[in-house]
Amino acid sequence: MNWGFIGFGRIARKFLTSLEFVQGETPYAFASRSNAVELEKEFSNVKVYDNYESLFADPDIDIVYISTTHNFHCQNVIDALSAGKNVLCEKPMGISSGEIRKMTEVTKGTGKFLMEAMWMRFLPAYREAIRRAKSGEIGEIQYITASFGFNSPNLKPEGRLLNPDLAGGALYDVGVYPLTIVSDIFGWQPDSFQAQAVLSETGIDQSIQVQLSYKGGEMAQVFGSIAMNTNKEACIYGSEGFIKLPLFWKAQEFEIHKDDNIEKVELPFKSTGYAHEIEEVVKCIKEGKTESPLFTLNDSLMSANLVESILSSIFNQS
């Protein structure tokens, strides 16, 4: 398939490397409102547009990959779908449950494929760790911890991470990863939660902690930050042992701890890691599907609902 890129930053470059790794998939066109001239010089074999509308109108493009700032995702997705394109959109695909519902309605009306690019869900090591946890290998799962924090020096108030108009904040940017691994085990609807955040001068969550409780007595604690480095590790604790995933959002290995025994499992990802979600998208489109069973549009909706509830609780406190 021919791919069109909307927005072209750091993540798009990593995605491009993996796209070129997947046989039969072609980076066909890029659209950027800010650096089209530079892209044209750098990528001589790729069409470059200085506006998104021209890329959407290109009849040779089969699918659009969207990596603009979060606040633009919903309209970009709707425009691409309405132009008859399949769409893969970076997370979070929508910054509210209402946006997810709008996009879902449009994709059902067009019959085109749409998926949120939660690339972690498709990594072999991550999928195997979740499978083995759910299989009962460590007994009844009772508790999960996960953190994803990094320190961003010299952040500017107008930049993507701190600007509320660009849907900045730790929960949108990195906190969705810890929430997703917890939800992959316990589901998207906790019985209750408590959230605390440290707010930036611009009023967004620069660090956020959420404690979640579930009806069966299970518990989880997640942490996300754009102002503090953490070990970026997830642990799934069962009655008979635990599974540890270092760098869980880009997992290539994990450990199963039972008594004094440690089993180390290595399952490296292909290329930069994005190849696995690309392969899933291609498979689904070839099979005529409008969404992936591995990360459905309802997953996106439930994720947005949970994030929305957490942020509401934070800002109602402040």
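1. The largest nonpolar core of this predicted model has 84 residues. Trp 3, Phe 5, Ile 236, Leu 245 and Phe 248 are the members that touch the most other members. Helix α7 gives the most to this core, with eleven residues. Another core lies apart from it and has 25 residues, including Val 77, Leu 81, Ile 100 and Ala 304.

2. Which strands form the open sheet, and in what order? There are eight, arranged as β8-β9-β10-β7-β11-β12-β13-β14, and their pairing is mixed. The sheet ends at β8 (192-199) and β14 (261-266), the edge strands, each of which pairs on one side only. On average, and with direction ignored, neighbouring strands here are turned by 10 degrees against each other.

3. In general, the strands of a sheet pair through backbone hydrogen bonds, in either a parallel or an antiparallel way. Strands β7 (residues 141-149) and β10 (residues 219-225) pair in the parallel sense, over seven bridges. Within this part of the sheet, Ser 147 stands opposite Phe 223 in β10.

4. Helix α6, residues 124-134, packs on the sheet. The strands that α6 touches are β7, β11 (233-238), β12 (241-246), β13 (253-258) and β14. The direction of α6 makes about 20 degrees with that of β13.

5. Helix α7 spans residues 170-186 and lies across β7, β9 (205-213), β10, β11 and β12. Against β7, helix α7 runs at about 160 degrees.

6. The chain contains nine helices and 14 strands. Its radius of gyration is 20 Å, close to the 20 Å that the globule rule gives for 318 residues, so the chain is as compact as a globular protein of that length. Taken along the principal axes, the C-alpha atoms fill a box of roughly 55 × 45 × 40 Å.

7. How much of the chain counts as buried? The share is 55% of the 318 residues. The chain exposes about 14000 Å², and carbon and sulfur atoms supply 47% of that area.

8. A last point concerns contacts along the sequence. Among contacts between residues at least 6 apart in sequence, 65% join residues at least 24 apart.

Definitions and conventions. Residues numbered from 1 in each chain as written. Predicted model: local features only at pLDDT ≥ 70, side-chain atom pairs only at ≥ 80, totals over all residues. Heavy atoms only, no water. Pairing = 2+ DSSP bridges. Helix = DSSP H or I, 4+ residues; strand = E, 2+ residues; numbered from the N terminus. Axes fitted to C-alpha atoms, helices over the stretch in contact; angles between N-to-C directions. Contact = heavy atoms within 4.5 Å. Rg over C-alpha atoms; globule rule 2.2 N^0.38 Å. Buried < 20%, exposed > 50% of the residue type's maximum accessible area, 1.4 Å probe, protein only. Areas by Shrake-Rupley, 256 points an atom, 1.4 Å probe, with all protein chains shown as cover. Core = buried A, V, L, I, M, F, W, Y, C linked by side-chain atoms within 4.5 Å.
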